[in-house]
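Okay, thanks for coming, everyone. Let me put the model up and walk you through some helix packing and a few ring contacts.

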Amino acid sequence: MLTAACKFRNKSGLASTTRVMPFFLSTSATVTPLCPPPSPYPSPHFRLPYLPRRGLAFLAAAASPRTLPPTPRQAMASLATSTAAAAAAEVTHLSQRDAADIDEQLMGPLGFSVDQLMELAGLSVATAVAEVYKLSEHTRVLIICGPGNNGGDGLVAARHLYHFGYKPFVCYPKRTAKPLYSGLVTQLESLAIPFVPVEDLPQDLSGQYDIVIDAMFGFSFHGAPRPPFDDLIQMLVSLSVIGDSAKRPPIVSVDIPSGWHVEEGDVSGGGIKPDMLVSLTAPKLCAKKFTGPHHFLGGRFVPPPISSKYGLELPPYPGTSMCVRIGKVPSVDISSLRENYISPELLETQVMPNPFDQFRTWFDEAVTAGLREPNAMALTTVNKAGKPSSRMVLLKGVDKQGFVWYVKNHHFKQLSIHSNEPPKNLFLMPSLGLVQVHKLR
Ligand SMILES: NC(=O)C1=CN([C@@H]2O[C@H](COP(=O)(O)OP(=O)(O)OC[C@H]3O[C@@H](n4cnc5c(N)ncnc54)[C@H](OP(=O)(O)O)[C@@H]3O)[C@@H](O)[C@H]2O)[C@H](O)CC1
Ligand SMILES: [K+]
């Protein structure tokens, strides 16, 4: 619980600015303790991969259903103690029979239409792809669509990816003559999305596409793949044997890696090895054999009668998201993380004379741009011995008199704000190309 606050009051105005990022504002301030309101955590946007119920047990014990949910820190602690494999194992995996049954019930007594479910499924695929493969590095997406509903999901995903800014190409060799499918094709044609005949695909897809989406077969696949899908699957197999994932487009399989047995998985061992699998409604049994780095669940439409009838244990979807990661979060090569910071020039003459007005403008832009917790700031103080220390706090207000933030009571005692060196706060607003540092007295 949060029990103390500081208010730094401004006494003088802008002291210095720089021409380029990072941009510095210096202000002077005094300190006035305040009584804080209760903390409204957690942020609705805070996102963690699915934690199995067992992993959350101690958190559930600590909080009654009507009390505060776990703080992000508690949730992270829980995450550290739960293995990723356990997380994946706790999710229900469906047999082929149950998957088909659920489909029938959704589109029968439960009142859904196939168009609706396909739209939601395709949207889930597109959002999951966009979550993992950023537009800045993966633009050209080849979507290979099969003759059934899995192929329909691919057509829908292509449309959403187009609207997200990607450049989709569709290979749809066995078109289905039903109005649902011809409508989806017309929609893609109206966006001038190219349809690529199988014969025009290069044998090696790695030079022409940044992502390949496998929407050939879903849970109704049986037997051995027939032409032309046998060759298409082989094309993806040869792609997945290129070891260095940086040198080839990642393969994203929709619901089932095409060619895999729906329950047994890649029985021969010579099938597609997708980098990402987007399971729909619930993972099928073959998903237990998936070893790629990104496993997502989509199809946020399962009503309680289905969950209870099939005893479905599924992760909650975060916020308004159409997809949720299942299982292990891949370990990231930190050295490969990079962003091109291309910001417009910022001149001293363009900066508002009042630093608080300038702060407010940038802060509003950060909120509008959808930054997560734009009010998070690093607060740095120096104690009497000259030792600096920093901690993250949340800004709770700003006016012409200064910045207001909250810290825990015992942290407040450690702030050392009465030392000679004034505290500083720092805001990181990367999507605006901004780092703001405020020096406070
Ligand atoms: N409730 C949901 O989760 C929803 C999921 N959706 C998606 O729908 C698929 C399942 O769709 P379905 O049409 O039942 O099946 P498939 O897409 O797997 O494909 C069936 C077609 O494929 C042909 N087929 C089957 N095996 C082969 C093969 N070995 N070689 C070539 N062709 C094959 C089959 O033809 P047949 O003549 O053999 O019957 C069909 O033409 C699910 O996985 C999700 O992706 C929905 O979009 C929404 C609801
Ligand atoms: K597939």
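Let's start with the helices: helix 5 crosses helix 7 in a right-handed way. Helices are DSSP runs of H or I with at least four residues, strands are E runs of at least two, and both are numbered from the N terminus.

Quick housekeeping: this is a predicted model, so local features need pLDDT of at least 70 and side-chain atom pairs count only at pLDDT 80 or more, while totals for chains, interfaces and linings use all residues. Residues are numbered from 1 along each chain as its sequence is written, chains are lettered from A and ligands numbered from 1 in the order in which they are written, and side-chain values use heavy atoms, with hydrogens and water left out.

Back to that crossing. The axes of helix 5 (residues 114-132) and helix 7 come within 11 Å, at roughly 40°. Those axes are lines fitted to C-alpha atoms over the stretch in contact, with angles from 0 to 180 degrees between N-to-C directions. Val114, Asp115 and Met118 of helix 5 touch Leu180, Tyr181 and Leu184 of helix 7, where contact means heavy atoms within 4.5 Å.

Helix 5 also packs on helix 6 (residues 149-164), at about 55° with the axes 7 Å apart. That pair is oblique too, and its crossing is right-handed. The contact includes Met118 and Gly122 from helix 5, and Gly152 and Phe164 from helix 6.

Now, how many aromatic pairs turn up in the whole structure? Four, counting Phe, Tyr and Trp (six-membered ring) with centres within 6.5 Å; planes under 30 degrees apart are stacked, over 60 edge-to-face, the rest tilted. Phe169 and Tyr209 have ring centres 5.4 Å apart and planes at 70°, so they're edge-to-face. Both residues, Phe169 and Tyr209, are buried, meaning under 20% relative accessible area, with exposed over 50% and partly exposed in between (1.4 Å probe, protein chains only).

Phe217 and Phe229 are edge-to-face as well, with centres 5.1 Å apart and planes at 70°. Ring pairs join Phe217, Phe221 and Phe229 into a cluster. Phe229 is buried at 3%, and Phe217 at 14%.

Note on methods
Left-handed = near helix turned anticlockwise from the far one by under 90°. Parallel < 35°, antiparallel > 145°, perpendicular 65-115°, else oblique.
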